[in-house]
2 protein chains.
Amino acid sequence: MPEFNPELRKDPISGRWVIISSARAQRPEAPEPRREEETPEARARCPFCYGREDQTPPEIFTIRINGESANSPGWLTRVVPNKFPAFGIFPEISLRRVGMFQMATGYGAHEVAIESPEHDVYLEQQPLSQIARIVDTWWERHVDLERDRKLKYVLLFKNHGKAAGASLTHPHGQIIATTVIPDVLKSKLLNAKEHFVNGEGCIWCRQIEQLFYYENKIYNPDGSVLVAIQQRDRVVAENAKFVAYIPFAARMPYEIHILPKLHQYSFIQTSPEERLELAKMLKLVLMKIYKLLGNPPYNFYIHSAPNLNITPRTGDYGTIREDFHWHIEILVRTTIWAGFEQGSGIYINPLNPTDAARYLAETEIDQ
Amino acid sequence: MPEFNPELRKDPISGRWVIISSARAQRPEAPEPRREEETPEARARCPFCYGREDQTPPEIFTIRINGESANSPGWLTRVVPNKFPAFGIFPEISLRRVGMFQMATGYGAHEVAIESPEHDVYLEQQPLSQIARIVDTWWERHVDLERDRKLKYVLLFKNHGKAAGASLTHPHGQIIATTVIPDVLKSKLLNAKEHFVNGEGCIWCRQIEQLFYYENKIYNPDGSVLVAIQQRDRVVAENAKFVAYIPFAARMPYEIHILPKLHQYSFIQTSPEERLELAKMLKLVLMKIYKLLGNPPYNFYIHSAPNLNITPRTGDYGTIREDFHWHIEILVRTTIWAGFEQGSGIYINPLNPTDAARYLAETEIDQ
């Protein structure tokens, strides 16, 4: 890439503008893994540890070694209601207007998916078989929550590290199900619909094609090359079923998207074999992040289509089965979104996505 | 307010949903002011200190005690180009398409407004006369940048504290001017236009009325009161020209908006007397935050209408002069936006806005 710096890039799915300003970018020097600080008291009190099952509300779902009784040790993964839920299950959904304002009771579900009986292990450090169980646990909860026809959207997410919003260090993810389609999804659904209606098919399928099969060039009037985007230049990793890459308009240096290579509209469509491949991909990508950046804080979330039990096959938000492609977005918190990002909705990314992908791709992990 | 918890609230201007979940809310106990850590080397190198004027690019604007020469000591406020700009002044704006992606050169301005020759003082700790000079400095730069008809939007913002994205501790704000209207503004302009076109006038003027003059009640079928929103229950402070309040659907506990009481579409419309009142209000509100929360990190930004030299009086984004009301939004970083907020665009606020406003209103500041 020639000097086109700083450069404004537009993300075709969210419509967001990003400023790629790589004047300050440097290759990270594989720092010592950061240790999360935790007081001995907090550790002793951890409600997610083995033998402390009575410190959480009763479990909703569990994968167990054998037939031990519920809410006792012997589990491998465990899902419980969040003790401080953002939503509750109210008898009815109540929407009210107060003057010019709208308010509603927060009907929905808020669950915690505990990823290990062990306190001091990270998701990505566990054996593949255990990561596969965690992914299966997410899938089971997602499928079950979609049975509630009042719930329009199920969002799985994970916060790793205090600076990424994790209040407990014991490894866990969270599942929230809501009666509204969240705004971030609405934008994606509308842009995906427009792309599809224009006859260009699934916008995520096109991105994968662009990533693997096209070399894009822009020429100067004299025939020399001004900009050349190489094939696979933003690919981080690939396996039989999934691809991980840095998006063209990444909002931060290490924003990584993981997509199934073949079109699927929802995580609930995955087969057990596909979920095993997903577990492999998650382990690989998260270990690369751990090694390259020294255990940085991160967030990720899964974006699937809304609950198809209640969303019509075609409608405001598109055909959904054909135009939405489920995916995971990982945001590694190496930069801080400050006054400019909050006040504008434009993001400043100090590292070129091509460089970020190369650094990660070159980070070797023993598997 | 009765128990309606957790409660979903919709912000009428941005359209954002917020979950007010005050199960965990506690009154802060006026902690010791946090000190920002800084190495002696970083301090000795600070390019914004007196006598180090040659460490920055040449100044764009300055308020001086008397007629000393430019780029030398004697200044009270000083504006210089950002050494690592997110934008540059390119000879032409170049928009290109690469495959399915759009990119452009980042034409625009990125300036730093240094708030004091002193290193160890905060904006809000300075005498009122100096804060008034800072506000005047912002105004001078805003007016000047709008003369460039290629620039559609001028955004003034400030990051205080490392956790809020401030990379240098010497007190300073920033000014970015762009060739695009930022997305956050587009949403506001469109919602404000709709409100105006519906015959309801300026949506910010209506919020001020609602705050001061209305008591809103919702009744149960038996005639008892279910919800009562008191007059002024979200007001933090008020003076002759400005009001500061917690918005109905605040995204975090201490999100505070400052508005001129009388309708103005842009900060550039303010008179010197109004800017003095604004300086008083900023000092008061920021000192309340400092005292109540122990010098927390914060961001704020000013949202004015787009550059009226180039934006038509009526158009896609409304009449602008009549329907947009300029304002400051302060975000105190006491919570972290994590996977849920990023993945959904819905915010979880663990403190009821009425409580937050009361805590701040009751925090007394000697003036």
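The model is predicted, so local features need pLDDT of at least 70 and side-chain atom pairs count only at pLDDT 80 or more, while totals for chains, interfaces and linings use all residues. Residues are numbered from 1 along each chain as its sequence is written, and chains are lettered from A and ligands numbered from 1 in the order in which they are written. Helices (H or I, at least four residues) and strands (E, at least two) are DSSP runs, numbered from the N terminus.

**How the two chains relate**

- A rotation of 180° with 0.0 Å of shift along its axis places chain A on chain B, with an RMSD of 0.0 Å; the superposition is by least squares on the C-alpha atoms of residues with pLDDT of at least 70 in both copies.
- The two copies are thus related as by a two-fold rotation axis.
- Both copies use the same surface, as 98% of the contact residues of chain A recur in chain B.
- If you want to find the axis in the viewer, look for A163(A): of the residues of chain A, its C-alpha comes closest to the rotation axis, at 4.6 Å.

**The contact between the chains**

- Chain A gives 63 residues to the contact and chain B gives 62 residues, where two residues are in contact if their C-beta atoms, placed from the backbone, lie within 7 Å.
- On the side of chain A that touches chain B there are 36 nonpolar, 18 polar and nine charged residues.
- For these classes, Ala, Val, Leu, Ile, Met, Phe, Trp, Tyr, Cys and Pro count as nonpolar, Asp, Glu, Lys and Arg as charged, and the others, Gly among them, as polar.

**A sheet shared by both chains**

- Five strands form an open sheet in the order β5(A)-β6(A)-β1(B)-β2(B)-β17(B), with mixed pairing; two strands pair if DSSP finds at least two bridges between them.
- At its edges are β5 (95-98) of chain A and β17 (347-349) of chain B, each pairing on one side only.
- Neighbouring strands of this sheet are turned by 30° against each other on average, direction ignored.
- Within chain B, β2 (residues 17-20) and β17(B) run parallel and are joined by three bridges, and I19(B) has I348(B) as its bridge partner.
- Strands also pair from β1 (residues 7-10) of chain A to β6 (residues 101-105) of chain B, antiparallel over four bridges, with L8(A) opposite A104(B).

**The ten-stranded sheet of chain A**

- Chain A has an open, antiparallel sheet of ten strands in the order β3-β4-β7-β9-β8-β15-β16-β14-β13-β12.
- β3 (61-64) and β12 (235-238) stand at the edges with a single partner strand each, so one side of each has no neighbour in the sheet.
- From one strand to the next, the twist averages 15°.
- Four bridges pair β13 (residues 242-245) of chain A with β14 (residues 255-260) of chain A in the antiparallel sense, and here F242(A) faces P260(A).

**Helices α2 and α5**

- Helix α2 (residues 128-145) of chain A lies across β3, β4 (75-81), β7 (108-114), β8 (153-160) and β9 (172-178) of chain A, at about 30° to β4(A).
- α2(A) also packs against helix α5 (residues 272-293) of chain A at an angle of about 115°, with their axes 8 Å apart; axes are lines fitted to C-alpha atoms, for helices over the stretch in contact, and angles run from 0 to 180 degrees between N-to-C directions.
- The residues that α2(A) brings to this contact include L128(A), I131(A) and W139(A), and those of α5(A) include L276(A), L282(A) and K283(A).
- By class, the contact of α2(A) with α5(A) has nine nonpolar, no polar and four charged residues.

**A loop residue: G15(A)**

- G15(A) sits in the loop between β1 and β2 (17-20) of chain A.
- With 15 other C-beta atoms within 10 Å, G15(A) is partly exposed; a residue is buried at 20 or more such atoms, exposed at 12 or fewer, and partly exposed in between, with C-beta atoms placed from the backbone.
- Leaving out residues up to four places away in sequence, G15(A) touches S187(A) and N191(A).
- G15(A) and A249(A) are 234 residues apart in sequence, yet their C-alpha atoms are 9.9 Å apart in space.
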